[in-house]
Amino acid sequence: MSSAAASLRAQVEEKKIEYQNLRYICDLSHKLDLQFNELCYRMDELNRGYAVVAQVMNNWKGVFLSANMPETQENSVEPTTFVKIPN
C-alpha cells in the first residue's frame, strides 16, 4: 500500500503545482485585461482629441478664407463677413 500511497501523494503534489500555475496564468490574464481596458480608454481619449484638432483646423480654414475674401472682393458692394457665428 505504501507504493500506491506514495504514487497518490506524487499525483496530488503535481496537481497542486498545476493548480498554482493555473492561478498564476489567471492572475496574469486579469492584469492583461486591465491593461487592455486602460489602453482602450486612452485610445478613446486620443480619438476625441483628434476630432477636436480637426474641428479647430477646419475653423482656422474658415478664418483664413474670410481674411482673404476682402482682397478678392474689393469691387463688391456687399459688406464682408469676417466672423461667422454658428447656430
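Predicted model: local features only at pLDDT ≥ 70, side-chain atom pairs only at ≥ 80, totals over all residues.
**R42 and E38**

R42 comes out as partly exposed, at 46% relative accessibility. Next I asked which side chain R42 meets in a salt bridge. The partner is E38, with 2.8 Å from N to O. I looked up the cover on E38 too: its relative accessible area is 36%, again partly exposed.

**How many in total?**

I then wanted to know how many salt bridges a search of the whole structure would find. The search gave three, so I went after the others, using the cut-off of 4 Å between a Lys or Arg side-chain nitrogen and an Asp or Glu carboxyl oxygen.

**E13 and K16**

E13 pairs with K16 in a salt bridge, and I noted 3.7 Å between the closest N and O atoms. That value passes because the limit is 4 Å. The two residues are three apart in helix α1, which puts about one helical turn between E13 and K16.

**E18 and K15**

My next stop was E18, which forms a salt bridge with K15. Here the closest N and O atoms are 3.5 Å apart. Both residues belong to helix α1, and the spacing is three residues, about one turn of the helix. E18 has 41% relative accessibility and counts as partly exposed. K15 has 54% and counts as exposed, because the line for that class is drawn at over 50%.

**A nonpolar patch**

I left the charges and turned to the nonpolar surface. Which residues form a nonpolar patch there? I wrote down L32, F36, L39, M43, L46 and Y50. Together they have about 620 Å² of accessible area.

M43 lies in helix α1, which runs over residues 2-72. Its relative accessible area is 43%, so I logged M43 as partly exposed.

My page now holds three salt bridges, namely E13 with K16, E18 with K15 and R42 with E38.

Conventions: Residues numbered from 1 in each chain as written. Heavy atoms only, no water. Patch = residues over 30% accessible without salt bridge, like charges linked within 9 Å, V, L, I, M, F, W, Y side chains within 5 Å. Areas by Shrake-Rupley, 256 points an atom, 1.4 Å probe, with all protein chains shown as cover. Helix = DSSP H or I, 4+ residues; strand = E, 2+ residues; numbered from the N terminus. Buried < 20%, exposed > 50% of the residue type's maximum accessible area, 1.4 Å probe, protein only.
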